[in-house]
Amino acid sequence: MSIKPKPDPQFEIEFFEAVHRRCPDYVDVVGLLGGLYTKVGRIADGLKMDRKLVRLEPDNATAHYNLACSLALCKKRPDALRSLRKAVSLGYDDLDWMQQDPDLEILKADPEFRKLLRKLKPQS
């Protein structure tokens, strides 16, 4: 019986940071680092990577969504809402996840956030 090793986020961060130093515009690595930094509580570093990813891929709806999450975690409500609106305008439409995403907690009572959710809610 083999035991599957648990992922080591610090090892992954160090690995992808080394790749990022060699290839700073490698989109996949920038996205992975943003997620890893946020996962381990390095919110400011995650925000930096999310901003870079949006610069590298300005039409990527998910990149804008992730940027909105990082901004919300940094308590930058207006900027987070602006990024979230941009994500939706580019096609991000996972309403269920937006409603439960803990990263967006600071926005959930905001009327602009609710308005955005209503815009995505399917008409019945």
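Contact means heavy atoms within 4.5 Å. This is a predicted model, in which local features need pLDDT of at least 70 and side-chain atom pairs count only at pLDDT 80 or more, while totals for chains, interfaces and linings use all residues. Residues are numbered from 1 along each chain as its sequence is written, and side-chain values use heavy atoms, with hydrogens and water left out. The chain has seven helices and zero strands; helices (H or I, at least four residues) and strands (E, at least two) are DSSP runs, numbered from the N terminus.

**The chain as a whole**
- The C-alpha atoms fill a box of roughly 50 × 40 × 25 Å along the principal axes.
- Of the 124 residues, 38% are buried, where buried means under 20% relative accessible area, exposed over 50% and partly exposed in between (1.4 Å probe, protein chains only).
- Among contacts between residues at least 6 apart in sequence, 49% join residues at least 24 apart.

**Helix 3**
- Helix 3 (residues 43-56) has 14 residues, which at 1.5 Å a residue should span 20 Å, and its end C-alpha atoms are 20 Å apart, in agreement; the expected span is 1.5 Å times one less than the number of residues.
- Its buried residues are Gly46, Leu47, Met49, Asp50, Lys52, Leu53 and Val54.
- The cover over these buried residues includes helix 1 (9-22), helix 2 (27-39) and helix 4.

**Helix 4 against helix 5**
- Helix 4 (residues 61-73) and helix 5 (residues 77-89) pack at an angle of about 165°, with axes 8 Å apart; axes are lines fitted to C-alpha atoms, for helices over the stretch in contact, and angles run from 0 to 180 degrees between N-to-C directions.
- The two helices are therefore roughly antiparallel (under 35 degrees is roughly parallel, over 145 roughly antiparallel, 65 to 115 roughly perpendicular and the rest oblique).
- Ala61, His64, Tyr65, Leu67, Ala68, Leu71 and Ala72 of helix 4 make the contact with Asp79, Ala80, Ser83, Leu84, Lys86 and Ala87 of helix 5.

**Histidine 64**
- Histidine 64 lies in helix 4 and is buried, at 7% relative accessibility.
- Not counting residues up to four places away in sequence, histidine 64 touches Val54, Pro58, Ser83, Lys86, Ala87 and Leu90.

**Lysine 108**
- Lysine 108 sits in the loop between helix 6 (95-100) and helix 7 (111-120) and is buried, with a relative accessible area of 19%.
- Leaving aside neighbours within four places in sequence, lysine 108 is in contact with Met98, Gln99, Gln100, Asp101, Pro102, Phe113 and Arg114.
- Lysine 108 and methionine 98 are 10 residues apart in sequence and 9.2 Å apart in space, C-alpha to C-alpha.
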